[in-house]
Amino acid sequence: MSSFHSVDVHDVVVADNTRAEGMILIALAGQPNVGKSTVFNLLTGMNQHVGNWPGKTVERKEGAFESGGNEYRLVDLPGTYSLTANSAEEVIAREFIIRERPDVVVAMVDAAILERSLYLVAELLPLPSPLIVGLNMMDVAEQEGYCIEPEVLEAALGVAVVPMIASKNVGVRELVEAIDEAVSGDGSYEPKRPEIRADHQEVLSQIEGLIDGSVPQPYPQDWVALKLLEGDREVTGMMQAYLPEDRWEAVHTVLRAHDDALVAVASGRYDWIGRMIRAAVTCPKAGQIGRTERLDRWATHPLWGLVILASVLGVAFWLTYAIGAPLQELMDAHIVGALADWVTASTVGIGAPVWLTSLLADGVVGGLGSVLTFLPILFVFFAVMGVLEDVGYMARAAYVMDGFMHMMGLHGKSFLPLFLGFGCNVPAVLGARVIESKRARLVTILLAPLVPCTARMAVVAFLAPAFFGPAATLVSWGLILLALLVLALSGVLINRLMFRGQRAAFIMELPLYHLPNPRTIALLVWQRSKEFVLKAMTVILPVSLVIWLLSTLPTGDVETSLLAQAGRWLEPVGSVMGFDWRLIVALVTSFIAKENTVASLGVLFGTGEGQGLAEVMAASISAPTALAFLVVQVLFVPCVATVAAIRQETRSWGWTLFDLGFLLMVSWGAGMLVYWLAQLGGL
Amino acid sequence: MENESNSCGDVPAPPVDGGEPLSTLDAGERGVVVGMGGGRGLLCRMTSLGFTPGAEVTVMQNYGHGPLICRVRNARIALGRGEAGRIYVRRGRR
């Protein structure tokens, strides 16, 4: 399906336009949590485009702004702690600077963590583009007891340093002025570049001698030598390909004798940073216990941390349904319903054939409409999650969940994307990008469909009361717990069997807590909702048309349609749980979108979607069968939008099909087990 | 998807004279990093997050099981017990 690739094609086009006529190219670099996106949003406003880096599953943000008669194009580089190839992000950031040669690179730095966040600056300085340092979070640094003199730091580094408090829009104008000045300057940019430690000078010049003349354009030769010494995977591979074999052997021998150089080079950078900031930081840190430490005593406690997490997530769900559900009903009744009525009325009015009316009203409006009515619920859920992320709580949630995630060979960072899955599985799959380890990211993506999303739970909420009466709530909770249990067991299994119990390293920064920034959250909600709507529009529409066709052809009657024939053919597979062909067809149509299950059952049981369906079903289906059906429904193959997301993020049909097969087996297996247990228990 | 990133092979664990694993420090204790071990990928993450020989580390939280939190170069870093076991420190004053 070509729609799976639409994102990539689009992004390649954007990348080719990077050097637009007359526009000055600015790259924004910085470590994670330094307020980089705040600055990006302040500079570009809504004038920004979000996509992917070509060929990578890493988000690319780009925008434009004007100042001093100049037109600027601003590219937000991925947030990275260093520029050594460790994950796709570092490679993207440095390749962009080396290949695209931005006119200015703005490096955002956290003043409260000055030493550590200058590490990236020490890596950026040896690259060819001129640098400006945005010294952000000056207010936090002051609270923490630091007095920093930006002018002294500026003199020490030899690059412009702009003190800022981006969250309060302080210093952004000065930053733009510094950019104006840098691009219109007389070329007197002379930074102090970090020098390598004396004990590695010799080996470095030895390597440089060996690779002299063989370094491909546009890589700086001294930079390549340094990255070789650091054991950088990408640069090593590149030079192995470019060097004649005997010279590569010589380089390799030198490198093997200094395979501890990685730590030494990093220490050298911190030594250099220490010298740079010694004069600029005037009062030593007071070392007092701040707000973050006080909150973390509770939020990261092994017991209370879990209690707090459970309460926070409980409130998040409550808010989502308290605000989102009424909005959903309004939208369903007044927008989707009205639109379907209007389509029916106007097509009948112009004398269109019945099949066309049905195609437009049921196939198009019904299919897309039922998906889009989930938007209010997702909107509220993403907003709540956005607040939790922005204030810094999600890092703590990852920390307290780390123990559980260990069992699956994952670590805490997989928690946020999986939790997003309760809203919708699509952002859950896309959210797995925050995980650095490729293996852990893959496992997270494969497991994400096992998190019961709002649409699956909507089906449970509709059917459970008719079959189980007052026990319906218990059944709903039981199904959620079952799904999570299956998720955990599948994680353990996949990890043991396919990755031999390897575990991803867990090391992450816990950012300072801070007040939520409405702008950042609004953009996050906008982006995630857009992911959902785009997938719905591009993938769900064609598939729902196909299913509509299958349910109409050849006679126009569902009971005798191709879909019904397929359902009858598959009936033996479902009969072990008492499923008849109608339940199987309902499951098949849930592939478009999970909530379709209810609509399909309505058609198949001949009652329509409204009143009475659940009662009619309860009369003809036994309780164990109903329970087994709900179990299969909750664990079944995800909707087509999620499948498209899995394919896009894993870049592999193999893994996508593996996951579908796996989920099919797991859902059927769990359904049969529950059916058998329910019969045994005399339900 | 490609293979795991830190496939360059393990860098041998450093001599640990006078050093003990960071994971053995109690909450509130300080130490100075004297050596680090692990694969290239892990070492790279550790150094870029502020752990290098000579860096002062304060353990903020350590319950004897599960991950721990420490402060290095004024940043709060959470790390797994296994990872903390590969950072060797010389114990400082309480």
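This is a predicted model: local features need pLDDT of at least 70, side-chain atom pairs count only at pLDDT 80 or more; totals for chains, interfaces and linings use all residues.
Residues are numbered from 1 along each chain as its sequence is written, chains are lettered from A in the order in which they are written, and side-chain values use heavy atoms, with hydrogens and water left out.

**Around Trp304(A)**

I placed Trp304(A) in helix H14 of chain A, residues 304-349; helices here are DSSP runs of H or I with at least four residues, and strands are runs of E with at least two, numbered from the N terminus. Trp304(A) also belongs to a nonpolar surface patch with Trp298(A), Leu303(A) and Val307(A), and together they have about 430 Å² of accessible area.

**Cores**

I then turned to the largest nonpolar core, which has 122 residues; such a core is a set of buried Ala, Val, Leu, Ile, Met, Phe, Trp, Tyr and Cys residues joined through side-chain atoms within 4.5 Å. Phe579(A), Leu601(A) and Met617(A) have the most contacts inside this core. Leaving aside residues up to four places away in sequence, I found that Phe579(A) touches, among others, Ile584(A), Leu587(A), Phe629(A) and Trp668(A), where contact means heavy atoms within 4.5 Å. Another core, of 100 residues, lies apart from it and includes Ala112(A), Ile148(A), Phe51(B) and Val89(B).

**Chain B**

I read chain B as two helices and eight strands, which follow the pattern β-β-β-β-α-β-β-β-α-β along the sequence. Of its 94 residues, 56% count as buried.

**Between the chains**

At the interface I found 48 residues of chain A in contact with 39 residues of chain B. The area buried between the two chains, meaning the accessible area (1.4 Å probe) that they lose on being put together, summed over both, is about 4100 Å², and carbon and sulfur atoms give 56% of it. On the chain A side, Asn86(A), Lys438(A) and Ile507(A) lose the most area to chain B, together 17% of what that side buries. Four salt bridges are found across this interface, each being a side-chain nitrogen of Lys or Arg within 4 Å of a carboxyl oxygen of Asp or Glu. I also noted a salt bridge between the side chains of Glu144(A) and Arg71(B), at 3.4 Å from N to O.

Conventions: Buried means under 20% relative accessible area, exposed over 50%, partly exposed in between (1.4 Å probe, protein chains only). Patches are made of residues with over 30% relative accessible area and no salt bridge: like charges are joined within 9 Å, nonpolar side chains (Val, Leu, Ile, Met, Phe, Trp, Tyr) within 5 Å. Accessible areas come from the Shrake-Rupley method with a 1.4 Å probe; for residues, only the protein chains shown count as cover.
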